[in-house]
Amino acid sequence: MLKWFSKALTSMRHAPRPMVTNGLLRRTRFDYRREVGDCLDASVVTGPVQWIQRALPEARLTVMRYGRGGKVDEIADHGALSLIARPNEFYGDLALWSGTVLSYCIAGNAYWLKARNGLGRPGELWYVPHWTMKPCGPEDGSTLLSHYLYSPGSGIEPMKIDPADVVHFRHGLDPRDPRLGISPLDGAIREIFMDLESSNFVASLLRNMGVPGVVISPKAGGMVAADDVEATKAWFKQAFGGDRRGGPLVMGAPTDVSPYGFNPQQMNMSEARDVAEERVCASLGIPAAVVGFGAGLQSTKVGATMKEMAKLAWHNGVLPIGRVFADELDRSLIPDFGPVSGRLKMVWDTSEVLALADDEDKETERWNKRVQGGWVMVAEAREAAGLEVDDSHKIYLRPISVVEVPAGAPPRDGQIDQEPKERGEKAVAPLQARLAGAGFLRLVFAQEEPRAKAFEKRLKAFFKDLGKAARQAALPILQEENPAGKAHEEKSDELLVARILDALGIGAHWTTFRRLFEAHYLEVAKEVPQAAELAGISGSLPDPVARSVAAAGGRRAGLIDLSAQSKAALFDAIAEGRSEGEGATQLAARIAGHVEGGPWTTPEMRARVIARTETKYAQNISTIERGRAAGVERFIIFDGRLGPGRSLPSHIARNGGIVTAAEAMQMAAEEHPNGTLSFSPYFGDDQDEE
């Protein structure tokens, strides 16, 4: 098969001239094409063509480079764009595109000539009328196109033009001559002729038959001399013409004066002209309404709005023409400016086209849903929007609480495990309950980061103030003790640290610290009413629940032994200061830094870790306490959401399990910092209980 196809290609021949030469339409010997001419004086054609001429420049022509890995860049300064913007010294890109659209729509062929500079690159572009160019091939048909024959007229000899110096925009391919495009108006020639003839007919009637207003004739068929006829005619026009119209008429002999006119209904050609408007606009893909034709305006009365019509005109008319133009420029102009890395493609940026603004918004919404749904990458959405793409964008955004159900999964992913007691394992929540819990957690997760950041800010300020207070308390004591000059004595360090802690008043600072925790826990508990209602429990925060959550915050503050951490920081600072030979002022400053950071190196890191850990714990305690107040005694475990390699296997294994409120409390208390453990209320049947 392949061998036969190769042989066929080597023997391919192209007809040197059109196979159909008479140009007559079927079932008639009248040459409508010749009578219609170039259509430049046919309003039924120039109306929609001019609309396209005005519309196309609303879009912006640009060059995009498609590199490896899906990277897309816009080359705003590409040489082809600069040349099109200023094609020559006599007109700009708007005139260039206007002429191109005219020839393309009327003839199906539009031409640019390239005038090359000394470097062999196009230095100028010139629009040439379609009737001045003719694509030609060799007589033996060995190749489709060998040259263009340019006939500018005015006695100038036709010139052969290399195809490389011509940009030829074709409307498809004319099967009668594949070197040419086919005119989109070819099928509407009769209708265009009808419109022209209708216009001429009405104009002729008005010009030749609409003048007589009255007929004056002698009574009883009397004969009147020619001189008297002319005299009467002149007198009547003078007496009753202009401003004298409507005056009394008195004749000196029996005379008939009869009104005369032409019936306006005989000049009504609207139906024939409507057909022409509809066919021409349909051929160009433009609804007649946007042009202003009567036929199109009638259709707007049945529900179609002008806004929808304009959008349809862009989608069916302007954009397809623009794509043809861009595709031909990819082939005929961009290569003249040298190779570049990646694939170049001309595109029309329609982001500023008013008629398509809704489409841009809807397309953005569609891509947002695809990204948020997690089934396309961020990189794909950015590429579709024409934005730059790199490896950091090759990610999926998927809700961390979504339950994955592999194809062919065992029953435990879709229903309760029927053998938990025999294996000594916890029951697994049904898939439906886990999905409901995931919806509850999505709202909780959305509140987690902003609440943690707010708590982090307050903690950072507290630790800064604690370090400042430690420096102020230590400085007079250090100046009195002068520890830098003493030999290291463990007993003297103990006494020194004790004196500084006493002067610092660590107890008062701890009270402030505990109140920060209690307030934060209470804020977290108050922030989940919407999530609570989604889970099937009351959105209000009962006073007992509020007190219990606040108390939990106070207990968690006590786990952070502020006194012990400050004491350890003082010992470390004094030891380091002695080794460096620091004086009292330097040593006091060192103490401030150590007390601020505590077990961490900086107060920022200390505040961040505590804020994240305690916010997660506060959300879990709030969920459990709210659930218990509503009569919920079991909770679904959500954990291991970072996946294999980042979450512990034991945490992944317990995901989806069901535990009692007491067990959930214990698990939450034992969770390590930066953990992902979460709970949601579970309303199940008694068969799930142990």
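In H20, the residues Ser566, Ala569, Leu570, Asp572, Ala573, Ile574, Glu576, Gly577 and Glu580 meet Leu587, Arg590, Ile591, His594 and Val595 of H21. The model is a predicted one.

Two packed helices are described by the angle between their axes and the distance between the axes. Helix H20 spans residues 562-580, and helix H21 spans residues 584-597. They pack at an angle of about 145°. Their axes lie 8 Å apart. The crossing of H20 and H21 is right-handed.

Move on to the sheet built from E12, E13 and E14. It is open, its three strands follow the order E13-E12-E14, and the pairing is antiparallel. Strand E13 (658-660) and strand E14 (678-681) each have a single partner strand, so one side of each is left without a neighbour in the sheet. From one strand to the next, the twist averages 45°. Strand E12 (residues 634-638) pairs with E14 over four bridges, in the antiparallel sense. Within this pair, Ile636 has Ser680 of E14 as its bridge partner.

Two helices pack on this sheet. Helix H22 (residues 603-629) touches E12 and E14. The direction of H22 makes about 20° with that of E14. Helix H24 (residues 661-670) touches E12, E13 and E14. The direction of H24 makes about 95° with that of E13.

Which residues of H24 are buried? They are Ala661, Ala664, Met665, Met667 and Ala668. These residues cover an arc of only 165° around the axis, so they sit on the same side of H24. An α-helix has 3.6 residues a turn, so residues three or four places apart point the same way. The buried residues of H24 pack against H22, E12, helix H23 (649-654), E13 and E14. The face of H24 turned away from the buried side carries the exposed residues Ala662 and Glu670.

Another open sheet has three strands in the order E5-E6-E7, again with antiparallel pairing. At its edges are strand E5 (133-136) and strand E7 (159-161), each of which pairs on one side only. Neighbouring strands here are turned by 30° against each other on average, direction ignored. Strand E6 (residues 147-150) is joined to E7 by three bridges, and the two run antiparallel. Tyr148 stands opposite Ile161 in E7.

The loop between E6 and E7 holds Ser154. This residue has a positive phi of about 55° although it is not a glycine. Is Ser154 buried or exposed? Its relative accessible area is 78%, and the cut-off for exposed is over 50%, so Ser154 is exposed.

A hairpin comes next. Strand E3 (residues 109-116) and strand E4 (residues 122-128) run antiparallel, joined by six bridges. Trp112 has Tyr127 in E4 as its bridge partner. Five residues lie between E3 and E4 in this hairpin. In the turn, Gly120 has a positive phi of about 85°.

Finally, look at Cys39. It lies in the loop between helix H2 (32-36) and helix H3 (43-55). Cys39 has a positive phi of about 65° although it is not a glycine. Its relative accessibility is 4%, so Cys39 counts as buried.

Terms used:
Residues are numbered from 1 along each chain as its sequence is written. This is a predicted model: local features need pLDDT of at least 70, side-chain atom pairs count only at pLDDT 80 or more; totals for chains, interfaces and linings use all residues. Side-chain values use heavy atoms; hydrogens and water are left out. Axes are lines fitted to C-alpha atoms, for helices over the stretch in contact, and angles run from 0 to 180 degrees between N-to-C directions. A crossing is left-handed if the near helix is turned anticlockwise from the far one by less than a right angle, and right-handed if clockwise. Contact means heavy atoms within 4.5 Å. Two strands pair if DSSP finds at least two bridges between them. Buried means under 20% relative accessible area, exposed over 50%, partly exposed in between (1.4 Å probe, protein chains only). The arc is that of the directions from the helix axis to the C-beta atoms.
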